Every structure is written in C-alpha cells, then in structure tokens.
Amino acid sequence: MSYVTSLQEGPLLTLILNRSELLNALNAQVLDDLSAALDAVDLDTVRCLIFTGAGEKAFAAGADIAAMADMTPEEAAAFSRRGNEVFRRIETFPLPTIAAVNGYALGGGCELAMACDMRLCSETAVFGQPEVTLGITPGFGGTQRLMRLVGMGKAKELIFSARNVKAPKALEIGLVNAVYPPEELLPAAKKLGARIAKNAPIAVRACKAAMNEGIDLPMDEAVDAEIREFSGCFETEDQKRGMAAFLSKQKNVEFENR
Ligand code: CO8
C-alpha cells in the first residue's frame with residue numbers, strides 16, 4: 001500500500017498524502033512513495049500537480065518524530081538528505097506544482113508546501129517550523145526556503161521562536177497565495193491548475209526553469225537564463241500556433257505540448 005494516492009483528472013494530477021491517522025507525518029516510506037508518484041507522472045498529459053493531505057486536519061504535521069527519535073547523526077543525515085532530495089525534485093519538477101494546504105503544515109509539512117511553486121490554504125491551515133522545540137533544526141529545506149519566501153528577518157523569527165502561523169498571517173507574510181474556506185480549497189486549486197493547463201505547456205515549464213534558476217543568480221546571469229528559455233520556445237510548434245492564433249484573432253487556442 002502506498003502512502004501517496006495519485007488522482008488524474010484531465011491535465012491535473014492530485015497527489016494525496018495518505019497517512020491521516022498520524023496527520024500525514026513523513027517517514028522514509030512516505031518520501032519513497034512521493035518519489036515513486038513523481039516517477040509515474042505522465043509528462044505528456046499532465047500539466048499541473050496538486051499536493052494535498054488526506055483527512056480534514058493536516059496537510060502534513062511534519063517528519064515522523066517517532067521514526068527520528070533514536071536516530072544517530074549518520075541516520076539523521078541520510079533522512080535529511082533523502083527528504084531534501086525528494087523536495088528539491090518537487091521544486092525543480094518540470095511541471096507547475098500547487099500545495100493545497102488543508103490543515104497543519106508543520107516542520108516537514110511546511111517544507112513540502114514551500115517546495116511547491118504556489119501555496120493555497122484553507123482557513124484552518126496552520127504553518128510552522130517547530131523543530132527547535134524538539135532540539136533539532138528544520139531538515140527538509142526549511143532554513144533555506146522560508147527566508148527566500150518571507151525574507152530573512154521574518155524567517156528567523158518564525159524558526160527561532162517556533163511560533164505557528166495561522167492562515168491569515170501566512171497570507172499577510174507571503175507564505176501563501178490565497179486562503180479559502182475548507183470546502184473551496186481543492187476546487188480553487190483545481191481551477192488555478194486548469195487555468196495554467198490551458199497555456200502553452202512548454203512555455204510554462206520554461207518560465208519555471210528560468211525563475212528557479214534565476215533566483216539564485218546575479219541579475220546578469222539570471223537574464224541569460226531567461227534569454228535561453230525564451231529563445232528555446234521558438235523551436236516549438238506551440239509558439240507558432242499561439243502567435244498565429246493571436247494574429248488571426250482566433251480565440252481559445254489549443255496548445256499541443258510540442
Ligand atoms: N510525527 C509522528 N507522529 C505525529 C506527528 C509527527 N510529526 N504529528 C502528529 N503525530 C501523531 C500523534 O502522535 C498522534 O498519534 P497517536 O494517535 O498514535 O497518539 C496522531 O498523530 C494525532 O496527533 P495528535 O493527537 O497530537 O493531534 P492534536 O490535534 O492533538 O495535535 C498537532 C496536532 C498540533 C499537529 C500535534 O500532533 C503536533 O504538534 N505534532 C507534531 C508537529 C511537529 O513538531 N512537527 C515537526 C516535526 S520535526 C520535522 O518535521 C523536521 C523535518 C526534517 C527532519 C529531518 C531530520 C532528520
């Protein structure tokens with residue numbers, strides 16, 4: 001049995017963390033199942049991934065504390081490396097990703113949400129990096145991604161104090177893009193995914209690649225990443241199709257992912 005359920009609806013693939021009895025806590029098996037779910041994505045038909053958690057309480061309440069309690073430093077390094085590997089894979093995955101955060105997103109759960117391109121959450125969502133209350137640092141990218149999302153001062157405040165942040169505050173500090181009533185969260189994520197899915201898929205992927213690469217580069221090199229991705233689009237049929245449609249005033253162009 002997999003801890004990750006995949007549900008494809010047209011161009012949208014929803015990956016559901018399915019360990020609700022432990023608030024979708026992330027152990028090695030969940031990480032492996034997430035990785036296997038990514039291996040199985042059909043890049044020809046899927047145009048957007050949505051990550052969410054099973055149950056009404058949690059997106060993911062973090063790495064599995066019971067599984068970590070007796071780790072040696074070497075085992076902890078291997079676990080942290082594996083989590084970082086899987087989350088970096090999500091961050092650089094060649095499709096846009098949306099975290100639909102339906103409750104607690106603590107520790108590794110917050111880190112998973114931050115590895116996604118966009119975060120939508122329910123009014124019940126709670127974000128936080130409580131690791132220092134357990135005697136550890138964040139270990140799945142939290143020390144690096146939170147500061148890139150909300151700025152160094154706010155990230156340090158949240159990580160050092162281990163203070164949780166509810167949905168409205170998460171919106172205010174830019175940790176999430178939007179907040180919805182719980183029953184509207186997945187429909188909203190799918191609506192955003194469907195809107196993205198209508199656009200030229202290779203161009204969307206190229207935007208993601210340019211933005212991901214550029215954020216860590218000096219501006220002169222960052223714009224080179226854009227030039228490379230921009231010019232690459234001119235090798236695609238969808239560029240010809242999109243521009244021809246505009247020039248002939250044709251609406252609702254259908255892109256072919258070629
Ligand atoms: N790990 C393991 N089990 C968990 C976790 C978790 N992170 N979170 C919840 N559970 C379990 C509980 O133990 C409980 O199990 P049981 O029913 O067997 O007693 C079940 O899930 C339900 O949880 P609660 O009864 O606690 O539910 P409440 O509604 O009372 O509380 C909370 C919900 C506030 C979310 C609470 O469960 C909580 O504080 N959980 C822990 C949150 C946390 O500290 N997360 C950070 C973990 S550390 C981390 O993520 C670091 C990432 C990188 C590490 C890599 C380094 C090697």
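These legends describe close-up views of a predicted model.

View 1. The ligand is surrounded by 23 residues. Lys57, Ala61, Ala63, Ile65 and Gly108 are the closest. The side chain of Lys57 places an N or O atom 2.6 Å from an oxygen atom of the ligand. At Gly108, a backbone N or O atom lies 2.8 Å from a ligand oxygen atom. At Ile65, a polar backbone atom is 2.9 Å from a nitrogen atom of the ligand. The ligand taken alone exposes 1,100 Å², and the protein buries 65% of that.

View 2. E5 covers residues 97–101, and five of its five residues are buried. Thr97, Ala99 and Val101 point one way from the strand. Ile98 and Ala100 point the other way. Residues on either side are buried. E5 pairs with strand E3 (residues 48–53) in the parallel sense, over three bridges. Leu49 has Thr97 of E5 as its bridge partner. E5 also pairs with strand E7 (residues 118–122), again in the parallel sense, over four bridges. Here Val101 stands opposite Cys121 of E7.

**View 3. Gln129, a buried loop residue.** Gln129 sits in the loop between strand E8 (126–128) and helix H5 (142–150). Its relative accessibility is 1%, so Gln129 counts as buried; the cut-off for buried is under 20%. Beyond its neighbours within four places in sequence, Gln129 is in contact with Gly107, Cys110, Glu111 and Met114, among others. The contacts also include Pro138, Gly142 and Leu146. Leu158, Ile159 and Ala162 are in contact with Gln129 too.

**View 4. The buried face of helix H11.** H11 spans residues 237–247, and its buried residues are Asp238, Gln239 and Ala245. Seen down the helix axis, these buried residues fall within an arc of 140°, so they line one face of H11. Their cover includes helix H9 (201–214) and helix H10 (219–233). Lys249 follows H11, with a positive phi near 60°.

Key. Residues numbered from 1 in each chain as written. Predicted model: local features only at pLDDT ≥ 70, side-chain atom pairs only at ≥ 80, totals over all residues. Heavy atoms only, no water. Helix = DSSP H or I, 4+ residues; strand = E, 2+ residues; numbered from the N terminus. Buried < 20%, exposed > 50% of the residue type's maximum accessible area, 1.4 Å probe, protein only. Contact = heavy atoms within 4.5 Å. Arc of directions from axis to C-beta. Pairing = 2+ DSSP bridges. Near = heavy atom within 4 Å. Polar contact = N/O pair within 3.5 Å; in protein donor to acceptor, adjacent residues only side chain to side chain. Areas by Shrake-Rupley, 256 points an atom, 1.4 Å probe, with all protein chains shown as cover.
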